[in-house]
Amino acid sequence: PTGVLVHCAAGKDRTGLVVALVLEVAGVPRQILLDDYARSARDLPAIYRERVNHELSCALGDSSELQAALHLHLESPAAALDAALDMVEARFGSAACYLLAHGLDPADLTILREELAGPGAAEEAGPDL
């Protein structure tokens, strides 16, 4: 009833995945999730970008591996989130099943759907298992 705070160091990767899973459960179309995730990189603070660039450069030197790591850490490629959501679906069947398998209570799943998608959304979604 009072809300939930979800965060990580950059507020885009782990946070982005958790938020995408929750919004997918609420029925938000995948493309909207991917577009929103792709926009999240623009809000990274310069100090964060500098720190990540420095740490990865020290760890990887000047290499193609560095460029790939910088891309994933400093950008938010929609393809990365899309692949993660596809993997969740392939392994668990759905975002809802993934969340339930990792500790979300079925009653909380119903509340989540109704809070985000409106009354009756849980019934429209049907059973998750």
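Reply: Let's start at Ala 83, which lies in helix α5. Please keep in mind that this is a predicted model. Is Ala 83 buried, exposed or partly exposed? Its relative accessibility is 43%, so Ala 83 counts as partly exposed, given that buried means under 20% and exposed means over 50%.

From α5 we can move on to a helix that touches it. α5 spans residues 78–92, and together with α1 (14–25) it is what the buried residues of α2 pack against. Which residues of α2 are these? Helix α2 covers residues 30–39, and its buried residues are Arg 30, Leu 33, Leu 34 and Tyr 37. They sit on the same side of α2, because they cover an arc of only 95° around the axis.

Now look at α1 beside α2. Two packed helices are described by the angle between their axes and the distance between the axes. For α1 and α2, the axes come within 10 Å and cross at roughly 160°. An angle over 145 degrees counts as roughly antiparallel, and α1 and α2 are therefore roughly antiparallel to each other. The crossing in which α1 passes α2 is right-handed. Where do the two helices meet? On the α1 side there are Gly 16, Ala 20, Leu 23 and Glu 24, and on the α2 side Arg 30, Leu 33 and Tyr 37. Sorted by class, this contact has 4 nonpolar, 1 polar and 2 charged residues.

α1 also has a partner in α7, the helix of residues 106–117, and the axes of these two come within 9 Å and cross at roughly 80°. α1 and α7 are therefore roughly perpendicular to each other. Here Val 22, Leu 23 and Val 25 of α1 meet Leu 109, Leu 112, Arg 113 and Leu 116 of α7. The residues of this contact divide into 6 nonpolar, no polar and 1 charged.

Another helix to visit is α4, residues 64–74, whose buried residues are Leu 66, Ala 69, Leu 70 and Leu 74. Seen down the axis of α4, they fall within an arc of 105°, so they line one face of the helix. Ser 64 and Glu 65 are exposed on the other side of α4. What covers the buried residues includes α3, residues 46–60.

Finally, let's step back to the whole protein. It has 8 helices and 0 strands, and along its principal axes the C-alpha trace spans about 55 × 30 × 25 Å. Of its 129 residues, 31% count as buried. Among contacts between residues at least 6 apart in sequence, 61% join residues at least 24 apart.

Technical notes: Residues numbered from 1 in each chain as written. Predicted model: local features only at pLDDT ≥ 70, side-chain atom pairs only at ≥ 80, totals over all residues. Heavy atoms only, no water. Buried < 20%, exposed > 50% of the residue type's maximum accessible area, 1.4 Å probe, protein only. Helix = DSSP H or I, 4+ residues; strand = E, 2+ residues; numbered from the N terminus. Arc of directions from axis to C-beta. Contact = heavy atoms within 4.5 Å. Axes fitted to C-alpha atoms, helices over the stretch in contact; angles between N-to-C directions. Parallel < 35°, antiparallel > 145°, perpendicular 65-115°, else oblique. Left-handed = near helix turned anticlockwise from the far one by under 90°. Nonpolar A, V, L, I, M, F, W, Y, C, P; charged D, E, K, R; others polar.
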